[in-house]
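Trainee: I am new to this structure. Can we go through the terms used for it, one by one?

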Amino acid sequence: MATMRYRLTFVAGLVLGYVLGTRAGRERYEQLKKSAMQLAQNPAVRNTAETAAHQGREFAGKAYHAVSDKVGDRMPDSVAQRVRTLRERTAHGSGEDDWGTSNT
């Protein structure tokens, strides 16, 4: 019974959001888009985003090494080969990931 109430509330929220969004129209969409672009171009925002991304990579790297050290030989060969490749790439200081973007 409670699950049904939550689903009904969720659906009502979706409908309300859709109705309000369509009433705002194209002009409001363009205003929001312009504001988002200005925010994205703000140097303070960009600096904060880069710092957060760098910290995220550091934490992910630490977690990756901790898990791979504990799992060790219990990984399938395909995964173990990928881990070796990533470790070699990291050891040789390659600054690019699989998508060709910088990891710095």
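Trainee: At what angle do helix H2 and helix H3 pack, and how far apart are their axes?

Mentor: This is a predicted model. In it, helix H2, residues 43-71, packs against helix H3, residues 77-91, at an angle of about 135°. Their axes are 12 Å apart.

Trainee: Why give those two values?

Mentor: Two packed helices are described by the angle between their axes and the distance between the axes.

Trainee: What is the hand of the crossing of H2 and H3?

Mentor: The crossing is left-handed.

Trainee: Which residues make the contact?

Mentor: H2 brings Tyr64, His65, Ser68 and Asp69. H3 brings Val83, Leu86 and Arg87.

Trainee: How do these residues divide into nonpolar, polar and charged?

Mentor: There are 3 nonpolar, 2 polar and 2 charged residues. Tyr, Val and Leu count as nonpolar, Asp and Arg as charged.

Trainee: What makes Tyr64 partly exposed?

Mentor: Tyr64, in helix H2, has 25% relative accessibility. Buried means under 20%, and exposed means over 50%. The value of 25% lies in between, so Tyr64 counts as partly exposed.

Trainee: Which residues does Tyr64 touch, leaving aside its neighbours within four places in sequence?

Mentor: Tyr64 is in contact with Val83, Leu86 and Arg87. Take Val83: 19 residues separate it from Tyr64 along the chain, and their C-alpha atoms are 9.4 Å apart.

Trainee: How many helices and strands does the chain have?

Mentor: The chain has 3 helices and 0 strands. From the N terminus, the order is α-α-α.

Trainee: What share of the chain is buried?

Mentor: Buried residues make up 4% of the 104 residues. The chain exposes about 9,200 Å², with 61% of that supplied by carbon and sulfur atoms.

Methods
Residues numbered from 1 in each chain as written. Predicted model: local features only at pLDDT ≥ 70, side-chain atom pairs only at ≥ 80, totals over all residues. Heavy atoms only, no water. Helix = DSSP H or I, 4+ residues; strand = E, 2+ residues; numbered from the N terminus. Buried < 20%, exposed > 50% of the residue type's maximum accessible area, 1.4 Å probe, protein only. Areas by Shrake-Rupley, 256 points an atom, 1.4 Å probe, with all protein chains shown as cover. Axes fitted to C-alpha atoms, helices over the stretch in contact; angles between N-to-C directions. Left-handed = near helix turned anticlockwise from the far one by under 90°. Contact = heavy atoms within 4.5 Å.
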